[in-house]
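The following questions and answers are meant for a reader who is new to this structure. Please look at the sequence and the model together while reading.

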Amino acid sequence: MKDKSILYLFIDDEPDPIAELTAPVTFELDTTRLVDGKHTLKIVSEDPSGKAGIRIIPFEVRNGPAIAIEGLKEDAVVDGTIPIMINAYGKGDQKSFVITGSETPQSIPYWIFILLVFFVAWAIYFAITSSSINLFTK
């Protein structure tokens with residue numbers, strides 16, 4: 001073991017490591033014990049000569065139900081009455097997928113209506129211009 005680096009794994013600002021491992025290593029980080037939100041994984045490596053290196057990896061945990069909001073965006077400036085639709089659904093576990101409520105209905109984007117207007121206008125134009133041309137001669 002004296003010729004391998006030792007790894008110390010820390011979550012957030014905890015003073016005690018969650019694991020002390022010998023490199024190279026493969027492990028599974030159980031995020032179910034962490035609260036939803038932003039966290040950091042700090043890896044401190046110490047080589048056989050005693051030199052240390054640090055790597056900090058920020059990540060976000062979202063084990064709880066997903067929350068989708070339609071009608072209000074973050075940091076929006078609003079006034080009056082605003083219709084808001086909120087949907088929250090759990091993902092189940094790793095072995096089964098919960099389908100009920102997992103799709104959030106959304107309003108139709110405005111650009112779809114613009115495309116529809118252009119298509120209808122083109123169809124009317126095409127019908128008018130093609131009907132004035134006699135394709136079959138008698």
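Q: Which residues make up the largest nonpolar core?
A: A nonpolar core is a set of buried Ala, Val, Leu, Ile, Met, Phe, Trp, Tyr and Cys residues joined through side-chain atoms within 4.5 Å. Buried means under 20% relative accessible area, exposed means over 50%, and partly exposed lies in between, with a 1.4 Å probe and protein chains only. The largest such core has 5 residues in all, namely L9, I11, L34, L41 and V61.

Q: What kind of model is this, and how are its residues numbered?
A: Residues are numbered from 1 along each chain as its sequence is written, and side-chain values use heavy atoms, with hydrogens and water left out. The model is predicted: local features need pLDDT of at least 70 and side-chain atom pairs count only at pLDDT 80 or more, while totals for chains, interfaces and linings use all residues.

Q: In what order do the elements of the protein chain run?
A: Helices (H or I, at least four residues) and strands (E, at least two) are DSSP runs, numbered from the N terminus. The protein chain has 1 helix and 6 strands. Of its 138 residues, 10% count as buried. From the N terminus on, the order is β-β-β-β-β-β-α.

Q: Which residue of strand 3 is the bridge partner of the core residue I11?
A: Two strands pair if DSSP finds at least two bridges between them. Strand 1 (residues 6-11) and strand 3 run antiparallel and are joined by 6 bridges. I11 belongs to the largest nonpolar core, and its bridge partner in strand 3 is L41.

Q: How many bridges pair strand 3 with strand 4?
A: Strand 3 (residues 37-46) and strand 4 pair in the antiparallel sense. Within this pairing, V44 has I54 as its bridge partner, and K42 has I56. The count of bridges between strand 3 and strand 4 is 10.

Q: Which residue in the turn between strand 3 and strand 4 has a positive phi?
A: Strand 3 and strand 4 form a hairpin, with 5 residues between them. The residue in the turn with a positive phi, about 100 degrees, is G50.

Q: How many residues of strand 4 are buried?
A: Strand 4 spans residues 52-61 and has 10 residues. This strand is hardly covered. The count of buried residues in strand 4 is 1.

Q: With which residues is V61 in contact, leaving aside its neighbours within four places in sequence?
A: Contact means heavy atoms within 4.5 Å. V61 is a member of the largest nonpolar core. Its contacts beyond those neighbours are T31, L34, V35, D36, G37 and H39.

Q: How far apart in space are L21 and L7, C-alpha to C-alpha?
A: L21 is found in strand 2 and is partly exposed, with a relative accessible area of 22%. Not counting residues up to four places away in sequence, L21 touches S5, I6, L7, L9 and F27. L21 and L7 are 14 residues apart in sequence, and their C-alpha separation is 5.0 Å.

Q: What is the omega of the cis peptide bond between A23 and P24?
A: Most residues other than glycine have a negative phi, and most peptide bonds are trans. P24 lies in the loop between strand 2 (19-22) and strand 3. The bond that joins A23 and P24 is cis, and its omega is about -5 degrees.

Q: Is D75 buried or exposed?
A: D75 is in the loop between strand 5 and strand 6 (85-89). Phi of D75 is near 60 degrees, a positive value in a residue other than glycine. With a relative accessible area of 78%, D75 is exposed.

Q: What is the relative accessible area of D12?
A: D12 lies in the loop between strand 1 and strand 2. D12 is not a glycine, although its phi is positive at about 55 degrees. D12 is partly exposed, and its relative accessible area is 27%.

Q: What distance separates the C-alpha atoms of E70 and I86?
A: E70 lies in strand 5 (residues 66-70) and is partly exposed, with a relative accessible area of 24%. E70 and I86 are 16 residues apart along the chain, and their C-alpha atoms are separated by 6.5 Å.
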